[in-house]
Amino acid sequence: MSEKKTEKKTEKVSIRAKVQAFGGFLSNMVMPNIGAFIAWGIATALFIPTGWLPNETLNELVDPTITYLLPLLLAYTGGRMIGGDRGAVLGAIGTIGIIIGADIPMFLGAMIIGPLGGWLMKKTDKLLENRIPAGFEMVVNNFSIGIIGFLLMVLSYTIVGPIIEGLNTAVTNAVEALVATGFLPLLSLINEPAKVLFLNNVIDQGIYYPLGMQQTLEVGKSIYFMVASNPGPGLGLLLAFTFFGKKAAKRTAPGAIIIHFLGGIHEMYFPYVLMKPLTIISMIAGGMAGTATFQIFNSGLVAGPSPGSILAYLALTPRGNFLGVILGVLVGAAVSFIVTMFILKADKTPDDDEELETNIEKTKQMKSEGKNISDTKESMKLEQNEMKYEKISFACDAGMGSSAMGATTFKRKLQKLGVEDVEVKNYRIEDVPEDSDIIVVHKDLEDRTKRKYPNTTIITLTNYLQDPKIDELADEVLQSKS
C-alpha cells in the first residue's frame with residue numbers, strides 16, 4: 001500500500017516538474033524580449049489618441065511593432081533555444097506566414113512555430129550530418145533552410161495560422177465572458193496556488209500576456225497583465241508576518257518585503273505560504289479583492305510588468321488609470337494582511353527558530369524527491385575530501401530573479417570568509433554549465449533540476465534570506481580551501 005502511495009506521489013511531482021519546465025520554456029522565450037515589449041508599451045502609452053502625448057505620426061509605430069516585431073522576436077528566440085541560430089531563422093520564416101495570414105497579433109502562434117522551426121532545423125541538420133560532399137556545405141545548408149522555411153511558411157499561412165486564430169478567439173471569448181459576468185476575480189483560485197508551485201509562467205506567458213497584448217492594441221490597456229502579477233497580496237502577507245509572525249519568520253519578513261514589493265521577486269513570499277499552508281487563503285482573497293478593484297475602476301496596464309514590482313506597475317500605467325491601479329494593489333495588500341493576521345493569531349504553535357527550521361525541513365522532505373546533500377556534519381565531512389568547490393551555480397525558472405539574488409548573497413558570504421577562487425553565477429535551470437560542482441535551487445524546482453542534471457550534487461533552499469544550508473555550504477567551501 002505504501003509503495004503505491006509513493007509511486008503516486010512521485011508521479012505527481014514529475015508531472016509538476018514537467019509543467020514547470022514548460023512554463024520555464026515559455027518564460028525563456030519571453031524574458032530576453034521584455035525590453036521590446038516595454039518599448040512598445042511606452043510608445044502605446046504616449047502616442048495613441050488617449051495617451052499622454054497623442055501623436056498621429058508616431059502612433060504609426062504601435063501597430064507594426066505588435067504585429068510584426070514582437071511575434072518575430074519570440075519566434076526567433078524560441079527557435080534559437082532548440083535549433084541554434086539556424087533554428088532561429090527557420091522559426092522566424094515560419095512565423096511570418098501566420099502573421100500575414102491572421103487578423104490578430106500572433107503571439108501564441110509565434111511561441112508554437114518558433115520552437116517548431118528550431119526542432120525541424122535540428123532534425124534536418126542531424127540527418128544531413130556527415131552526408132554533405134566536401135565543398136558543398138554552404139550550398140546544402142542554405143538551400144535546406146530555404147526549402148524547409150518556404151514549406152513551413154506556406155503551411156503556417158494556410159493551415160496553422162487559421163487554427164491558432166480560432167483557438168485564440170475561443171480563449172478570448174471565454175475570458176471576456178468571465179469579465180462580462182464579473183467573475184474575473186475567480187481566476188485567483190488558480191493563479192495563487194500556481195504561483196507558489198512555480199507554475200505561474202505557464203499562465204502568464206501562455207495565456208494572460210498574449211490576451212493582454214491583443215486587448216491593449218484595441219483599447220490601449222489591459223487588465224490581464226494584472227490578474228496574476230499584483231504585488232499587493234504578497235505585500236500584505238509579508239506585513240502580517242512582520243507584525244504577527246514568530247521568531248525567524250518575523251525577523252526575515254521585512255527584508256522579503258523590500259525584495260518582493262520593490263524588486264518584483266514574488267518568490268520571496270513562497271516559503272512563508274509553504275510554512276503556513278493555510279495562508280494560501282490570504283493570497284487568494286487578496287488576489288480576488290485586487291482584481292475586483294481593478295475591474296471596478298476599469299484599470300489596466302499597457303504591457304506585462306516584468307518583474308512584478310510596484311515600480312513596474314507605475315511605469316506601465318496609462319493616463320487616467322493610476323487611482324485604480326494603486327487602489328487595486330493596496331486593497332489586495334489589505335485583504336491579504338487581515339486574513340493572514342487572523343490565521344497567525346489563531347495559530348498557537350509555540351514556534352522557535354529550531355522548530356521553524358525543522359518544520360521547513362520536513363516540508364522540503366515531503367515535497368522533494370531523490371538525494372540531497374546530507375544534513376549531518378558527519379556525512380558532510382566524509383564528502384569533503386571528494387567534493388570540489390570551484391563552480392557553484394544558482395538556478396531558477398528564468399535565471400534572472402531568485403537565482404541572481406541567491407548568487408549575489410552567497411558570493412558576499414564567501415568574500416567575508418576570505419574565499420575568492422570559487423565561481424558563483426546564476427542561470428536558468430536549462431543553462432547551468434555541465435561542469436558545475438553544485439547546483440543550488442528552490443526545493444520546488446528540485447525534481448525538474450534532477451531530471452536535467454542527474455549526476456550533479458543539488459542543494460535545495462526553502463528561504464532565500466535565511467536558510468541554514470547556505471551557511472553550511474559556505475563553511476564547507478571554507479574548509480575545503482584551508
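Which backbone nitrogen does the side chain of S336 reach, and at what separation in Å? In this predicted model, the side chain of S336 reaches the backbone nitrogen of L237, at 3.3 Å.

## S336 and its setting

S336 lies in helix α13, which spans residues 322–346. The relative accessibility of S336 is 0%, so the residue counts as buried.

## An aromatic cluster

Ring pairs join F243, F244 and F337 into a cluster. The number of aromatic pairs in the model comes to 5.

F243 has 54% relative accessibility and so counts as exposed. F244 is partly exposed, with a relative accessible area of 26%. F337 is likewise partly exposed, its relative accessible area being 21%; the cut-off for buried is under 20%.

## Helix packing

Two packed helices are described by the angle between their axes and the distance between the axes. Helix α3 (residues 62–100) and helix α4 (residues 107–128) have axes that come within 9 Å and cross at roughly 30 degrees. The two helices are therefore roughly parallel to each other, the limit for that class being under 35 degrees. The crossing of α3 and α4 is right-handed. The residues of the contact between α3 and α4 divide into 16 nonpolar, 11 polar and 3 charged.

Helices α11 and α13 pack at an angle of about 155 degrees, with their axes 7 Å apart. On that basis α11 is roughly antiparallel to α13. The crossing of α11 and α13 is right-handed.

## A positive phi at N298

N298 is located in the loop between α11 (280–296) and α12 (310–315). Most residues other than glycine have a negative phi. N298 is not a glycine, yet its phi is positive, at about 55 degrees. With a relative accessible area of 53%, N298 is exposed.

## Contacts between residues separated in sequence

How far apart in space are the C-alpha atoms of N33 and L74? The separation is 7.2 Å, although the two residues are 41 residues apart in sequence. N33 occupies the loop between α1 (2–30) and α2 (34–47). Its relative accessible area is 7%, so N33 is buried.

M213 is placed in helix α7 (residues 200–219). A relative accessible area of 2% means that M213 is buried. The C-alpha atom of M213 is separated by 8.3 Å from that of G304, which is 91 residues away along the chain.

Is G418 buried or exposed? At 56% relative accessibility, G418 counts as exposed. G418 is in the loop between α16 (402–416) and β2 (423–428). Its C-alpha atom lies 8.2 Å from that of L478, a residue 60 positions apart from G418 along the chain.

Terms used: Residues numbered from 1 in each chain as written. Predicted model: local features only at pLDDT ≥ 70, side-chain atom pairs only at ≥ 80, totals over all residues. Heavy atoms only, no water. Axes fitted to C-alpha atoms, helices over the stretch in contact; angles between N-to-C directions. Helix = DSSP H or I, 4+ residues; strand = E, 2+ residues; numbered from the N terminus. Parallel < 35°, antiparallel > 145°, perpendicular 65-115°, else oblique. Left-handed = near helix turned anticlockwise from the far one by under 90°. Nonpolar A, V, L, I, M, F, W, Y, C, P; charged D, E, K, R; others polar. Phe/Tyr/Trp six-rings, centres within 6.5 Å; stacked < 30°, edge-to-face > 60°. Buried < 20%, exposed > 50% of the residue type's maximum accessible area, 1.4 Å probe, protein only. Polar contact = N/O pair within 3.5 Å; in protein donor to acceptor, adjacent residues only side chain to side chain.
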